[in-house]
Amino acid sequence: MSKLEIIIKREYLRRVSKKSFLLLTFLMPILMVAMVFIPLWLSSIKGDDVHNIAVIDNTGKYAALFQDTENYRFVQSEKSLEDYRNSDNKEIYAFLSITDDLLQNPTAATLYSEKQIPGELSRLINQVISKELEEEKMASFNIPNLKEIIKESKINFDVQTIKWGTDGKESKSSSMVASITGMVFTLLIYMFIMIYGGMVMQGVMEEKTNRIVEVIISSVRPFDLMMGKIIGICFVGLTQLFLWGILTTALLFGSQLIFGGGISPDMVTVNGMAQQGTNVSANMMNNPEIFEIINTINFVQLGIFFVLFFIGGYLLYASLFAAIGSSVDSQEDTQQFMMPITVLMIFALYAGIYSMENPDGPLAFWCSLIPLTSPIVMMIRLPFDVPYWQLALSIALLYGTAIGITWLSAKIYRVGILMYGKKPDIKELIKWIKYK
Amino acid sequence: MNFLETEDVVKQYSGHLALNKVSIQVAKGKVFGLLGPNGAGKTTLIRIINRITAPDSGIVRFDGRLSKPEDIYQIGYMPEERGLYKKMKVGEQAIYLAQLKGLSYPVARKRLIHWFEKFDIMSWWNRKLEELSKGMQQKVQFIITIIHEPPLLIFDEPFSGFDPVNADILKQEILELKNEGRTIIFSTHNMASVEEICDDIALINRSQVVLSGDVTEVRNRFKGNTFLLKLVDSGIESETFETDKYTILSDETAKGVREIRIHKEVDMSNSDLVSLLTKQGEIISFTEELPSMNDIFINTVSAPNTTEV
């Protein structure tokens with residue numbers, strides 16, 4: 001085993017066997033899946049109670065319209081609101097008071113309750129009344145078959161987006177699905193570069209402040225020491241990524257099997273209660289076309305490029321972090337050097353988010369070629385089929401720069417790791433680079 | 001034969017000359033003391049020997065030829081600022097570092113167990129380093145330094161932080177290593193240990209070697225013509241001592257033994273001096289007082305810029 005391999009092995013094993021790593025690796029997918037499924041599951045639980053709703057209809061026109069549902073029973077009542085209020089009645093959950101013709105006086109209906117009125121109930125009442133009022137209104141126009149005419153003139157329009165494959169095949173695509181996929185990958189790569197780059201810096205600083213480096217440096221080249229750490233931690237990141245991928249997929253399939261198809265149609269019928277977002281996802285699950293749309297995204301290609309960009313971007317930033325870690329003595333001193341890097345990464349993230357609107361625009365184009373932002377911004381563009389020459393150029397630039405930065409960082413590292421006492425400034429760092 | 005030599009090594013740090021034409025010769029199988037006050041350039045020289053930093057000019061010869069990058073595997077280096085991974089288990093850590101020094105896993109393990117048992121710290125094998133006392137950590141550090149059995153060992157301030165008992169154990173180990181034929185470079189401020197352990201020394205002050213050579217020879221060079229004469233107390237006062245050939249520095253009598261410290265004023269052999277003194281009484285012993293390394297160190301270092309013109 002070469003020195004480099006020994007170092008990589010230690011850096012890798014030490015981190016992978018940590019409890020915090022195992023915990024994060026196994027809990028994160030569970031958390032992610034839980035975040036998707038628990039709201040779905042919770043909203044599918046129905047209350048067992050049946051609530052009585054007293055309808056006090058002075059006009060007599062509306063009371064009969066209310067049909068009992070699973071949760072609500074409507075009772076026509078002759079008593080006045082005052083009577084109920086004075087009596088200690090626990091059987092009635094809410095009182096619907098209608099005092100006037102609602103077409104003339106839309107504010108004449110009021111729902112009273114001693115409790116917080118659930119949105120579901122008020123939506124139910126609104127639906128019933130507005131349907132009735134609509135019909136009344138239509139009838140008042142005295143046009144025959146008006147109902148049918150309106151029904152027919154209601155058009156639900158949704159433009160179909162078709163992607164032309166290179167083989168001439170057409171398939172339905174969805175820019176929303178592509179955007180979401182891109183965003184997930186963007187956030188993932190941003191997070192990983194930050195977390196694992198930071199880990200490299202911590203590791204370098206630990207070796208420097210503990211003075212271990214003096215012991216090791218007499219048996220290993222500084223370059224091996226730095227690269228061993230960077231590569232070892234890179235493997236840790238890839239391992240975590242791989243496990244997350246497998247676990248999340250397994251859990252998603254697993255929970256779909258458990259909750260099964262039962263959830264999705266339920267979700268649609270729960271309608272009012274479910275929020276907009278869950279409605280969409282429920283619809284998506286319910287929709288067989290969604291698979292076609294998802295299939296237009298080439299996940300294998302996406303995965304390969306994700307790993308390529310992750311390694312390149314990580315190498316670039318991790319070697320910068322290693323250089324920073326080697327040139328300072330304490331955590332506080334890192335701030336000055338961390339600032340520009342953090343600003344750059346956040347800029348890249350925002351560039352990525354704004355590129356989502358226009359994945360082929362100039363911002364997206366340039367930021368996905370410039371090596372410091374390309375790993376992050378390219379992720380958002382990937383699901384939108386980036387031309388291969390751009391991908392190739394971006395990767396070439398990224399790896400070229402990464403190797404160049406690593407080379408420079410190694411020079412700073414070599415001097416910095418053995419330098420104690422004074423905090424270097426940029427001028428000092430440049431001098432270190434020039435040392436023989 | 002010299003195992004390690006440096007020749008006119010110059011190292012300049014930004015605005016500060018750390019080493020100015022430093023030449024040392026370390027003989028094979030000897031203990032070489034590298035002495036000097038703080039900031040004199042000892043650690044820089046050691047780092048150059050270790051190839052941690054490169055000299056601006058000058059050369060390092062290893063085993064008779066120019067030093068090569070691979071030579072560092074033949075050096076065991078215990079830095080002054082000691083450090084190990086605090087969170088790592090002692091045994092695991094020792095094996096890792098031994099592997100980095102080129103040992104295979106089984107060999108590293110076998111040797112480490114041998115040394116851990118010798119130093120009686122085997123029970124700490126599976127403990128984290130941070131749970132060990134400082135002295136224990138030093139022992140671990142020492143073992144790691146010598147584990148790959150290198151022909152050249154460099155100890156930078158090996159005794160700092162050791163209690164007297166453990167310092168003595170360490171001293172014995174160093175002497176044993178010397179008996180095995182290893183060459184040892186030993187940097188220290190502790191002058192008493194220099195007299196006990198070192199064969200040769202070089203004293204570095206203000207980036208330059210100001211004194212070097214065999215320890216006894218160096219002490220002879222600095223001897224101040226001072227002698228200690230022990231006589232059986234005869235009760236006779238030193239009336240006949242007055243002579244222009246020597247002066248009495250002190251004259252004390254205790255428990256029937258009279259101790260007289262004499263300074264020789266003129267050039268004459270020691271035998272002649274003794275013959276002058278025989279009439280003073282029954283001589284128990286007559287010894288020339290060699291200056292301690294401590295005195296030599298202080299005298300040399302605090303001398304006002306003798307090397308600068």
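Predicted model: local features only at pLDDT ≥ 70, side-chain atom pairs only at ≥ 80, totals over all residues.
Local features need pLDDT of at least 70 and side-chain atom pairs count only at pLDDT 80 or more, while totals for chains, interfaces and linings use all residues. Residues are numbered from 1 along each chain as its sequence is written, and chains are lettered from A and ligands numbered from 1 in the order in which they are written.

**View 1. The two domains of chain B.** Domain 1 of chain B covers 2-220. Domain 2 covers 224-288. These bounds come from an automatic or database domain assignment. Taken over C-alpha atoms, the two domain centres are 44 Å apart.

**View 2. Where chain A touches chain B.** Chain A brings 16 residues to the contact, and chain B brings 21 residues. Two residues are in contact if their C-beta atoms, placed from the backbone, lie within 7 Å. On the chain A side, helix H1 (3-16) and helix H7 (212-217) each supply at least two residues. H7(A) gives the largest share, five residues. Helices (H or I, at least four residues) and strands (E, at least two) are DSSP runs, numbered from the N terminus. By type, the chain A side has seven nonpolar, three polar and six charged residues. Here Ala, Val, Leu, Ile, Met, Phe, Trp, Tyr, Cys and Pro count as nonpolar, Asp, Glu, Lys and Arg as charged, and the others, Gly among them, as polar.

**View 3. Strand S11 of chain B and its partners.** S11(B) runs antiparallel to strand S13 (residues 257-264) of chain B, joined by seven bridges. Two strands pair if DSSP finds at least two bridges between them. B:Lys230 stands opposite B:Glu259 in S13(B). S11(B) also pairs with strand S14 (residues 283-288) of chain B, antiparallel, over five bridges. There B:Leu229 has B:Phe286 as its bridge partner. In a regular strand the side chains alternate between the two faces of the sheet. The covered face of S11(B) holds B:Phe227, B:Leu229 and B:Leu231. The uncovered face holds B:Thr226, B:Leu228, B:Lys230 and B:Val232.

**View 4. The loop residue B:Asp244.** B:Asp244 sits in the loop between strand S11 (226-232) and strand S12 (246-254) of chain B. B:Asp244 counts as exposed because it has 7 C-beta neighbours inside 10 Å. A residue is buried if 20 or more other C-beta atoms lie within 10 Å of its own, exposed if 12 or fewer, and partly exposed in between, with C-beta atoms placed from the backbone. B:Glu265 is 21 residues from B:Asp244 in sequence, but 7.2 Å away C-alpha to C-alpha.

**View 5. The open sheet of chain A.** Four strands lie in the order S2-S1-S3-S4, with mixed pairing. Strand S2 (72-76) and strand S4 (109-113) stand at the edges with a single partner strand each, so one side of each has no neighbour in the sheet. Strand S1 (residues 51-57) runs parallel to strand S3 (residues 92-98), joined by six bridges. A:Ala54 stands opposite A:Phe95 in S3(A).

**View 6. Nonpolar cores.** A nonpolar core is a set of buried Ala, Val, Leu, Ile, Met, Phe, Trp, Tyr and Cys residues joined through C-beta atoms within 7 Å. The largest has 126 residues. Those with the most contacts inside it are A:Val200, A:Ala322 and B:Ile154. Helix H11 (residues 299-327) of chain A gives the most to this core, 14 residues. A second, separate core of 14 residues includes A:Tyr62, A:Tyr72, A:Phe95 and A:Ile98.
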